[in-house]
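Biologist: Hi! I'm new to this one, could you walk me through it?
Modeller: Happy to, let's bring it up on the screen.
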Amino acid sequence: MAQTLNVFLVNQAGDLSGRFDDSHRKTCAATLKTYFDAIIKSVARYNAVDVKWDGKQGDPTAFDFVCYVLTSQKGSIVAKKGSGGSLGISGSTMLATADKTMISEVYLQQIVQNGDPRGNATANRETLVANCILHELAHNLLDASTPIVTDVHKLQKGVILRDTDTRPLTGTDAPNEVDNGAVRGGFGRRTSGVKQFVGEMPT
Ligand SMILES: [Zn+2]
């Protein structure tokens, strides 16, 4: 029986003084849904995608994704629960040391306001946030725990899956078939799924 791929987005960033409010969040979720709809097309496990902002701790399975949307690195869950090392500029993904669940997070102020709390919102902010979330979820599935399926930053010709350290993602980037194929490969290889960190989801 095919199942729904649920992508749980957990908002801990408020609305950035209106720069990323409920309507922006809805658009961002709809964009992510179109991304994953394309990805799951030839993945037997899934027949639908649901992206939601209102998930509860008991909802995600190892075949779903969870991504925390934080204001900035200051609130990093990865820094608190992970095994150390430096955080990414726009987001980070790492195993929690205590229970070996996967933590993905993005930093909204960096993505939407280029890190300046008083800065104006960037163009295509909803798409840019969706792109950064897809990038972190690719790490989640592909290279942040064993087996390493694809080293996301070494993927050639990917748009969202590539080395973003020197060249950040933009709001006009969109996943291509190299990105989609890499994530599909991850779904094929990770036959037990990837257990997601749910500890900071609402109960
Ligand atoms: Zn990365």
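Modeller: Let me begin with a term: a nonpolar core is a set of buried Ala, Val, Leu, Ile, Met, Phe, Trp, Tyr and Cys residues joined through C-beta atoms within 7 Å. A residue is buried if 20 or more other C-beta atoms lie within 10 Å of its own, exposed if 12 or fewer, and partly exposed in between, with C-beta atoms placed from the backbone. This is a predicted model, where local features need pLDDT of at least 70 and side-chain atom pairs count only at pLDDT 80 or more, while totals for chains, interfaces and linings use all residues. Numbering starts from 1 along each chain as its sequence is written.
Biologist: Okay, which residues touch the most other members of the largest nonpolar core?
Modeller: Leu108 and Val129 do, in a core of 53 residues. Helix H4 is the top contributor, giving ten residues. Helices (H or I, at least four residues) and strands (E, at least two) are DSSP runs, numbered from the N terminus.
Biologist: And what does valine 129 touch?
Modeller: Leaving out residues up to four places away in sequence, valine 129 touches Cys28, Val106, Leu108, Ile111 and Val112. Contact here means that the C-beta atoms of two residues, placed from the backbone, lie within 7 Å.
Biologist: Switching to the sheet: in what order do the strands come?
Modeller: The order is S2-S1-S3-S5-S4, an open sheet of five strands with mixed pairing. Strands S2 (46-52) and S4 (91-95) are at the edges with a single partner strand each, so one side of each has no neighbour in the sheet. From one strand to the next, the twist averages 20°. Two strands pair if DSSP finds at least two bridges between them.
Biologist: How many bridges join S1 to S3?
Modeller: Five, between S1 (residues 3-11) and S3 (residues 65-70), and these two strands run parallel. Within that pair, valine 7 stands opposite phenylalanine 65.
Biologist: Which strands does H1 lie across?
Modeller: Helix H1 (residues 22-40) lies across S1 and S2, at about 165° to S2. Helix H4 (residues 125-142) also packs on the sheet, touching S3, S4 and S5 (102-107), and its direction makes about 160° with that of S5. Axes are lines fitted to C-alpha atoms, for helices over the stretch in contact, and angles run from 0 to 180 degrees between N-to-C directions.
Biologist: At what angle do H1 and H4 pack?
Modeller: About 50°, with their axes 8 Å apart. That makes H1 oblique to H4, since angles under 35 degrees count as roughly parallel, over 145 as roughly antiparallel, 65 to 115 as roughly perpendicular and the rest as oblique. Among the residues that meet there are Cys28 and Tyr35 in H1, and Val129 and Ile133 in H4.
Biologist: What about H4 and H5, which residues meet?
Modeller: Ala138, Leu141 and Leu142 in H4 meet Ala182, Val183 and Gly186 in H5. Those helices pack at about 35°, with axes 9 Å apart.
Biologist: Now the loops. Where is the cis peptide bond?
Modeller: A cis peptide bond joins threonine 146 and proline 147, with omega about -5°. Proline 147 is in the loop between H4 and H5 (177-189).
Biologist: What is phi for leucine 16?
Modeller: Phi of leucine 16 is near 50°, a positive value in a residue other than glycine. Leucine 16 belongs to the loop between S1 and H1, and it is partly exposed, with 19 other C-beta atoms within 10 Å.
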